[in-house]
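Thanks for coming. I will go through some helices and a few charged pairs, and I will keep it short.

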Amino acid sequence: MSHYDPIIKRTFEFVENNLHEPLNLEIVAAQSTFSKYHFHRIFKTSVRMTVNEYIRLRRLANASSALLYSDERILDIALYYQFETQESFTKAFKEVYKLPPGKYRKVMTMIIRNMEGNDMTTTIKGWFLSGGNPYNYEMGIDHEVVHQGKGSAYLKSRTVLDTEEFSTMMQQCKAESFRNKRIKFSGFIRTQDVENLASLWMRVDNATGDVLQFDNMSNRPIKGTTNWNRYSIVLDVPEQSSVLSFGVILTGKGTVWADHFSFEEVNEDTPTTNLEIHGELQDEPVNLSFNEVIG
């Protein structure tokens, strides 16, 4: 399905720019060259939900942010995001966030204030800050800029002076359950004023720390200010793999948000994005006089 990725990316861009406008499968499918039925199958296979379900979740996520960071009436928020009545909005919101909008606004506002007062916003379970200059960056949870659910993770520059400084929000896990599989690591990314680059990254190491597979999207970086979109890395996890490392990189100044990461096994029809080139080991030394050239 990788050859459909550009179409899916255009779909996400279109939806992001029109969440406050009438949207349905027919309108969104018109942005592609496919019939709405074929587009529906492509989207659902790639995103694991229907177009209408995705639109609904994105509208509810933006509405949750508006509840916490604006004084807009619940009815006005509901109508802006294309819910016909406050009652239909409340029902949909409660299904996802388990609280009605008014109570969510009250409870979550108190929780966020307490977290900020206790300086807990830089603690994210399972994730840690690393890289060449981690102390010049900050990571945390953002409840205002959200893709799905109650919050997204962010990584932003603080005291960065050099465009080559970088930091990563990352985690590591054992590779055992992924061995002998081709794995697609995907996530939704949004950026603001990224002057150098932001990207997903993933690395597969063996037990001695040798890099077996690696991709940091250096050949397709995210720059500047971009809205939510999905990006992916595809790597093989060989038999001798021991550790999987992955995360988000920010180089230079700016802010990057990340949300809704996923791992899935894909077949060999999906090409890898591996950036490392591993040649076969030679039987003996070659070209010691440098007289042979490639070409």
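Predicted model: local features only at pLDDT ≥ 70, side-chain atom pairs only at ≥ 80, totals over all residues.

Residues are numbered from 1 along each chain as its sequence is written, and side-chain values use heavy atoms, with hydrogens and water left out.

Charged pairs come first. A salt bridge here is a side-chain nitrogen of Lys or Arg within 4 Å of a carboxyl oxygen of Asp or Glu. How many salt bridges does a search of the whole structure find? There are eight, and I will show three of them.

One joins Arg 203 and Asp 205, at 2.9 Å from N to O. Arg 203 is partly exposed at 22% relative accessible area, whereas Asp 205 is buried at 7%.

Another joins the side chains of Arg 182 and Asp 236, with 2.6 Å from N to O. Arg 182 sits in strand β5 (residues 181–206) and Asp 236 in strand β7, so this pair ties together parts that are 54 residues apart in sequence. For the naming, helices (H or I, at least four residues) and strands (E, at least two) are DSSP runs, numbered from the N terminus. Arg 182 counts as buried, with 15% relative accessibility, and Asp 236 is partly exposed at 25%.

Now the helices. Helix α3 covers residues 36–47, and at 1.5 Å a residue its 12 residues should span 16 Å, which agrees with the 16 Å between its end C-alpha atoms. The expected span is 1.5 Å times one less than the number of residues. Which residues of α3 are buried? They are Phe 39, Ile 42, Phe 43, Ser 46 and Val 47. These cover an arc of only 100° around the axis, which puts them on the same side of α3; the arc is that of the directions from the helix axis to the C-beta atoms. The face turned away from that buried side carries the exposed residues Tyr 37 and Arg 41. Among the elements covering the buried residues of α3 are α1 (5–17), α2 (25–29), α4 (51–69) and β7 (222–237). Just after α3, Arg 48 takes a positive phi of about 70°.

How does α4 pack with helix α6 (residues 86–97)? The angle is about 95° and the axes are 10 Å apart. Axes are lines fitted to C-alpha atoms, for helices over the stretch in contact, and angles run from 0 to 180 degrees between N-to-C directions. The two helices are therefore roughly perpendicular, a label given to angles of 65 to 115 degrees, with under 35 roughly parallel, over 145 roughly antiparallel and the rest oblique. Contact, meaning heavy atoms within 4.5 Å, involves residues including Leu 57, Leu 60 and Leu 67 of α4 and Phe 89, Phe 93 and Val 96 of α6.

Conventions. Buried < 20%, exposed > 50% of the residue type's maximum accessible area, 1.4 Å probe, protein only.
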